Amino acid sequence: MFTGIIEDMGVVSNLKKEMNNLHISIKSKLTPELKIDQSMAHNGVCLTIVAIDQDEYTVTAIKETLDKSNLGVLKIGDNVNLERAMILGARLDGHIVQGHVDQTATCTNIKEEDGSWMFTFNYDSSLNNITIEKGSITVNGTSLTVVNSKKDSFSVAIIPYTYDHTNFGDFKEGTVVNLEFDVLGKYVAKLIDINLIAK
């Protein structure tokens with residue numbers, strides 16, 4: 001489990017394909033504190049650390065992960081949002097995040113708003129994921145509040161600290177991001193769907 005509060009931006013240092021898998025090596029200031037078999041969220045995707053070498057560690061993404069996230073389009077030098085698993089008993093500063101990306105979205109607009117930024121994203125609503133106004137959403141692992149919630153799009157407001165300490169500063173129109181929708185909203189949507197089918 002995670003909180004959506006990004007701890008570091010790691011830098012992709014190596015990418016190695018092996019059959020359908022992709023081994024992703026990342027340099028991060030967190031590396032000295034990591035252990036093999038530990039879980040870490042990468043742009044919101046929970047992956048297991050399989051190797052550590054000085055300031056660099058490696059994780060492996062399988063085909064399912066590559067198909068449903070933006071990890072398959074990573075390039076060497078890209079910044080990746082990183083968060084270690086939450087500690088039981090610590091403050092939950094973001095919201096409950098599972099590290100299971102639901103789908104990707106595309107950044108369609110970036111607007112500077114006199115000290116902050118408004119980012120708008122479009123996603124495929126046929127997958128039955130929903131946002132609600134002022135509800136929680138995770139974008140590339142970052143816990144955020146939804147504004148302008150629509151059937152297939154939403155916006156988020158980004159303060160300077162978040163802009164500087166996550167890879168939001170790298171986004172352009174057309175950037176593909178990972179989304180994890182609020183877990184409570186997913187259960188409600190599922191229950192409504194089940195009730196409609198039952199009728």
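Hi everyone, let's start with the aromatic residues: Phe119, Phe121, Tyr123, Phe154, Phe168, Phe171 and Phe181 make up one aromatic cluster. Rings of Phe, Tyr and Trp (its six-membered ring) pair if their centres lie within 6.5 Å, with planes under 30 degrees apart called stacked, over 60 edge-to-face and the rest tilted.

A word on the source: this is a predicted model, where local features need pLDDT of at least 70, side-chain atom pairs count only at pLDDT 80 or more, and totals for chains, interfaces and linings use all residues. Residues are numbered from 1 along each chain as its sequence is written, and side-chain values use heavy atoms, leaving out hydrogens and water.

Across the whole structure, a search finds 10 aromatic pairs. One of them is Phe121 with Phe168, edge-to-face, at 6.5 Å centre to centre and 80 degrees between the planes. This pair links distant parts of the chain, 47 residues apart: Phe121 is in strand S8 (residues 117-123), and Phe168 is in the loop between helix H2 (160-165) and strand S12 (176-181). Helices (H or I, at least four residues) and strands (E, at least two) are DSSP runs, numbered from the N terminus.

Is Phe121 buried or exposed? Phe121 is buried, at a relative accessible area of 0%; buried means under 20%, exposed over 50%, and partly exposed in between, using a 1.4 Å probe and protein chains only. Phe168 is buried too, at 0%.

Now the barrel: six strands close up in the order S7-S8-S11-S10-S9-S12, with antiparallel pairing. Two strands pair if DSSP finds at least two bridges between them. Strands S9 (residues 136-139) and S10 (residues 142-147) run antiparallel, joined by four bridges, and Ile137 stands opposite Leu144 in S10.
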